[in-house]
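Subject: A structure for you to look at

Hi,

Here is the structure I promised to pass on. Have a look at it first, and then read my notes below.

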Amino acid sequence: MALVPVQQVAQNQLSPPECRVAKWELPVTSQNQPQNPTNQKPVIPPLVPIQKSPFPCCKDDISCLDKQLWGENNQLPDKKALITSVDRSLQYLSSNNAAAPYQGYQVEGITQERVIKSLRRFRELLQKSKSPIDLNAAIAREFVLYQSVGSDSKGSVLFTAYYEPVYAASRVPTVEYRYPVYRLPQDLQSWLRPHPTRLELEGADGLQASKGRLRGQELFWFRDRLEPYLAQIQGSARLKFPDGKQTTIGYAGNTAYNYKSIGKSLAEDGKLPLEGMTMPTILEYFQKYPQDLNIYIPRDRSFVFFQENHGSPARGSIGVPLTAERSIATDKSLMPPGALALIRASFPFVNKATGKMEHRIVSRYVLDQDTGGAIKGAGRVDYFLGTGQVAGDRAGVTVSRGQLYYLLLKL
C-alpha cells in the first residue's frame with residue numbers, strides 16, 4: 001500500500017569493488033532463453049540457474065551474510081525461528097496440497113522432491129554452522145542458486161513488506177464499534193461475474209453491507225473506518241476486545257478484482273506527492289481529512305473476507321504460519337511454493353539509541369510461504385515483518401530494489 005522512493009542496493013556501501021551489485025545482477029542473454037522457431041518474443045523463465053555462486057566474490061562484504069541468524073541490528077538471534085519456518089515448509093511440501101503446483105513446474109530441474117531434499121539439507125547445515133561465513137561456504141559447495149529474472153529480465157526485484165496489525169475490536173456492534181469485517185459467504189462461488197465492487201458491497205461509508213449480500217456475514221466490528229480496510233490489505237490481524245481477551249483473523253477469500261493502492265489514488269488526484277509517500281504520510285492525510293476515506297477506499301474494488309483463527313499466528317497462502325522476517329510472499333503462478341530463498345535488499349531497522357528508522361542492506365534466508373493481490377510477476381516480493389506497531393512502522397517504509405534467489409541442492 002505504501003508508495004515511497006525506491007532504494008537501490010547502494011554500491012558505495014559494498015566492498016571490495018568486485019562485490020558490488022553488478023555481480024549480483026542476472027546476465028540474461030539469448031543463451032538463457034529457449035529457442036522460439038515462430039519468431040515470437042522469447043519466453044524467459046522466471047528463474048535462471050546461476051553458474052557461479054556470488055558468495056566467494058563477497059568474502060569481505062558483510063551485507064552478503066545472514067548475520068541475523070546470530071543476531072544483528074539490535075535484534076536477537078533467530079536461528080531457531082528459521083528452523084521452525086523450514087519445518088513448516090516441509091510440512092506443506094509433504095502434503096497432498098503441494099503436488100499440483102509442482103506438477104510440470106515451468107523451470108526445469110525444480111521439483112517437489114528436490115525442494116524437500118534441499119530444505120532438509122539446509123536445515124542440517126544451519127544447525128551445524130558456527131557463523132554466517134560457515135553457512136555461506138557450505139551453501140556455495142552444495143547448492144545451486146536460481147535467480148529471479150525480476151521485472152527487467154536482469155534480476156531487479158521490488159521489495160515491499162507487510163505485517164499483522166493489532167486493533168481494538170468488538171464481537172458485537174456498538175455505538176463505538178461500527179465498522180465490520182466479514183466472513184466468507186458460503187455462496188461466493190455462485191456469485192455472478194463481474195462480482196459486486198467494494199462500493200456495491202458496503203457502500204461509500206462502509207456501513208451499508210447489512211442491506212445487501214453481506215447481511216449476517218459480519219465477523220467483528222472496529223472503531224475506525226480505515227482499520228478493517230488495512231486488515232484486508234495485510235490479510236490478517238490480531239484483535240483486542242474491551243474485556244481484555246484477544247483473537248486473530250486471517251484471509252478466507254476475496255472477490256475477483258485486482259487490488260488498487262489507496263496511495264496511488266491519492267497521488268493521481270494530487271492529494272499527496274508520489275515521491276516520498278509512505279504509510280505514515282497516508283495515515284496523516286486521513287487524520288486531517290477523514291471524510292476522504294469514503295472517496296478513496298471505495299476506489300479499490302477488491303474485497304477480502306476473513307475467518308477467526310482463535311489466536312493462531314498469521315498464515316500464508318500455503319496454509320502454514322508465517323515467521324517474522326523469515327517468510328515472503330511471491331506470485332505463486334511463477335515461484336515454487338514452500339521453497340528456500342535468499343533475499344538481498346535494503347530494509348529499515350529501528351535504531352534503539354535514537355528511535356529513528358535506518359535502512360541497511362542485508363541478506364536473509366527465507367521461505368516462500370505466501371502470496372498477495374498486489375504481488376504479481378517475477379519482480380515482486382512482499383517480506384513479512386511480524387506483528388504489532390514496530391513491524392507496522394517498518395513495513396510502512398519498506399520499498400527497495402534487490403535480488404531474489406532460490407536455493408536447490410546440486411544435482
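To start, is glutamate 176 buried, partly exposed or exposed? Glutamate 176 is partly exposed, with a relative accessible area of 44% (buried means under 20%, exposed over 50%, and partly exposed in between, with a 1.4 Å probe and protein chains only).

Before going further, please keep in mind that this is a predicted model, where local features need pLDDT of at least 70, side-chain atom pairs count only at pLDDT 80 or more, and totals for chains, interfaces and linings use all residues. Residues are numbered from 1 along each chain as its sequence is written, and side-chain values use heavy atoms, with hydrogens and water left out.

**Salt bridges**

The count comes to 20 salt bridges (a side-chain nitrogen of Lys or Arg within 4 Å of a carboxyl oxygen of Asp or Glu). In one of them, arginine 171 meets glutamate 308 at 2.9 Å, N to O. Arginine 171 sits in the loop between strands S4 (166–170) and S5 (179–182), and glutamate 308 in strand S9 (residues 304–308), so this pair ties together parts that are 137 residues apart in sequence. Helices (H or I, at least four residues) and strands (E, at least two) are DSSP runs, numbered from the N terminus.

Glutamate 176 has a partner too: the side chain of arginine 223, at 3.1 Å, N to O. This pair links distant parts of the chain, 47 residues apart, with arginine 223 in the loop between strand S6 (218–222) and H6 and glutamate 176 in the loop between S4 and S5. Arginine 223 is partly exposed, at 43% relative accessibility.

Aspartate 368 and lysine 332 form a salt bridge at 2.3 Å, N to O. Here aspartate 368 is buried, at 0% relative accessibility, while lysine 332 is partly exposed, at 23%.

**The cavity**

There is one cavity of 30 Å³ or more. On a 1 Å grid over the protein atoms alone, a cavity is a set of points where a 1.4 Å probe fits but cannot get out, and lining residues have an atom within 4 Å of a point. The largest cavity holds about 40 Å³ of space, the volume being the space filled by probe spheres set on the points, which are joined across faces, edges and corners. Its lining includes Arg198, Glu202 and Tyr229. Helix H6 (226–234) is one of the elements that give two or more residues to that lining, and H6 has the largest share, three residues.

Enjoy exploring!

Definitions and conventions
On a 1 Å grid over the protein atoms alone, a cavity is a set of points where a 1.4 Å probe fits but cannot get out, and a pocket is an open set with protein on both sides within 12 Å along at least five of seven lines; lining residues have an atom within 4 Å of a point.
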